[in-house]
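Student: Could we go through some of the terms used for this model, setting each value against its definition?

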Amino acid sequence: DAKTTQPNSMESNEEEPVHLPCNHSTISGTDYIHWYRQLPSQGPEYVIHGLTSNVNNRMASLAIAEDRKSSTLILHRATLRDAAVYYCILGTGGGADGLTFGKGTHLIIQP
Amino acid sequence: NAGVTQTPKFRVLKTGQSMTLLCAQDMNHEYMYWYRQDPGMGLRLIHYSVGEGTTAKGEVPDGYNVSRLKKQNFLLGLESAAPSQTSVYFCASRSGFATTFFGQGTRLTVV
């Protein structure tokens with residue numbers, strides 16, 4: 001399975017943008033880049049996903065490098081509620097395979 | 001919309017006891033999954049199912065059994081619990097290219 005590399009932790013201030021990096025140098029042409037987050041004592045929740053082009057939704061933006069070997073999750077204006085572990089995961093779009101989680105990035109938001 | 005519901009939320013077992021964790025989803029999803037999460041780690045896939053009556057092994061299947069008798073339910077069984085199975089268990093479901101939805105987790109302690 002293609003693997004991802006994320007920083008163990010990052011810290012940001014409330015109401016500022018946050019850029020969470022992810023390296024995936026062995027990504028295959030059919031791998032989607034998925035981002036999930038896990039709030040304290042909760043199950044993971046979907047944030048965003050993309051294949052080649054940058055993607056935006058109400059929660060975040062996903063910027064994908066032209067060679068697809070890295071990507072960045074962007075939270076435009078972080079709130080205290082965004083404090084969570086963020087997971088960058090590679091996977092096929094519609095296959096039955098489960099998600100392969102790494103340790104993710106623990107995002108700390110300072111008030 | 002309840003999404004993915006896990007029962008129970010907490011349980012303490014003695015070594016050697018058995019138990020069944022129940023997962024129910026009301027989204028008519030084909031795929032269902034059981035994960036475990038140990039402290040400071042990402043989720044690891046135990047077993048999964050691609051449809052009613054089917055099951056398959058994930059990354060860490062030993063010591064667990066599963067059944068999918070109805071499309072909306074996915075049961076995880078521990079026949080003889082061991083302290084190494086102390087963990088938080090998450091159920092998830094998905095359909096096709098859609099995102100994966102997770103339950104709130106079951107915290108299991110084996111003493």
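Student: Why is His29(B) called buried?
Tutor: Buried means under 20% relative accessible area, exposed means over 50%, and partly exposed lies in between (1.4 Å probe, protein chains only); His29(B) has a relative accessible area of 6%, so it is called buried. This is a predicted model, in which local features need pLDDT of at least 70 and side-chain atom pairs count only at pLDDT 80 or more, while totals for chains, interfaces and linings use all residues. Side-chain values use heavy atoms, leaving out hydrogens and water, residues are numbered from 1 along each chain as its sequence is written, and chains are lettered from A and ligands numbered from 1 in the order in which they are written.

Student: Why is Arg44(B) called partly exposed?
Tutor: Its relative accessibility is 27%, and therefore Arg44(B) counts as partly exposed.

Student: What makes Arg44(B) and Asp38(B) a salt bridge?
Tutor: A salt bridge needs a side-chain nitrogen of Lys or Arg within 4 Å of a carboxyl oxygen of Asp or Glu, and in the pair Arg44(B) and Asp38(B) the closest N and O atoms are 2.7 Å apart. Asp38(B) also forms a salt bridge with Arg36(B), where the closest N and O atoms are 2.9 Å apart.

Student: Is Asp38(B) buried or exposed?
Tutor: At 16% relative accessibility, Asp38(B) counts as buried, and Arg36(B) is buried too.

Student: Which residue forms a salt bridge with Glu15(A)?
Tutor: Glu15(A) pairs with Arg77(A), the closest N and O atoms being 3.4 Å apart. Arg77(A) has a relative accessible area of 57%, so this residue is called exposed.
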